Amino acid sequence: MKLVFLGTSGSFPSKDKMCPAILVEDNFLIDCGEGAVHRLLNLNANLDEIESVFISHIHADHISSLPMLLWTMWLQGRKSKLTIIGPPNIQEVTESLLQLMGTSPKRFSFTIQYKKINGSEDLGEFAVLPVKHGVPTFAIKIGDKFVYTSDTAPYESLINFAKNCKLLAHETTFPDEMKEEAHIHYHSSPSDAATIASKANVETLLLFHIPPPFQNLEEKFIEQAKKYFNGKVFSAKDLQIIRI
Ligand SMILES: [Zn+2]
Ligand SMILES: [Zn+2]
């Protein structure tokens, strides 16, 4: 399985890191945060190959590039259907964003099919799990290899969900010394992520969604996680390609 980490920052972008977006096998996009379209162009990706977009939750850092992605696909003359998967209000939000920006999706050269997620679901190629965040938010598992938690406070159900997977991309928005603040804001720290990774017996832990104020502390985040997890721990760079 090929994963391209298009955007690896959390909460807001920095000079070097865009907001969450991960391209799976060139045809499935997980989240579409600020900068995702630009990163796809950096990659010389063919947008026609993207068949589905999964939006984990409706926060700006995870959805702000979606209207521009749809505009770009339209202006490039896309003909094939696009599926957008997301929380129950995904269609309403996407259509409202487009309307507010002066474009009815009816003008598009392609159709959009929506798949609304209400709870835990196993959809064959991928499974979703509601996690603990301020708005309805879903973790996703692709095959039995890759799990992306999206934004969440530490959540026990992720242990079973990620059991024995190869790569767990777990959010770490605050360092361990700000753990209380992390939990108040429904986020996690490195030791939270590492505890889940250890109990789930995953092979590798990716510390994801580190926001700009802490991006100079990435090595410290990794050290904090390693105290609680014996496997490999790393933090990704934008456009990093990983094969699992
Ligand atoms: Zn976020
Ligand atoms: Zn969020």
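Where is Thr94 found? I found Thr94 in helix 4, residues 90–100. Helices (H or I, at least four residues) and strands (E, at least two) are DSSP runs, numbered from the N terminus.

I note that this is a predicted model: local features need pLDDT of at least 70, side-chain atom pairs count only at pLDDT 80 or more, and totals for chains, interfaces and linings use all residues. Residues are numbered from 1 along each chain as its sequence is written, chains are lettered from A and ligands numbered from 1 in the order written, and side-chain values use heavy atoms, with hydrogens and water left out.

**Thr94.** I checked its burial: Thr94 is buried, at 2% relative accessible area. Buried means under 20%, exposed over 50%, partly exposed in between (1.4 Å probe, protein chains only). I then listed contacts (heavy atoms within 4.5 Å). Beyond its neighbours within four places in sequence, Thr94 touches Leu66, Leu70, Ile84 and Tyr114.

**Aromatic rings.** I counted nine aromatic pairs. Rings of Phe, Tyr and Trp (its six-membered ring) pair if their centres lie within 6.5 Å; planes under 30 degrees apart count as stacked, over 60 as edge-to-face and the rest as tilted. Trp74 and Phe108 make a tilted pair, 5.3 Å centre to centre with 35 degrees between the planes. Trp74 sits in helix 3 and Phe108 in the loop between helix 4 and strand 6, 34 residues apart. Trp74 is buried at 17% relative accessibility, and Phe108 is buried at 8%. Phe108 also pairs with Phe110: the centres are 5.2 Å apart and the planes at 20 degrees, so this pair is stacked. I also logged one aromatic cluster of Phe5, Phe146, Tyr148 and Phe208.
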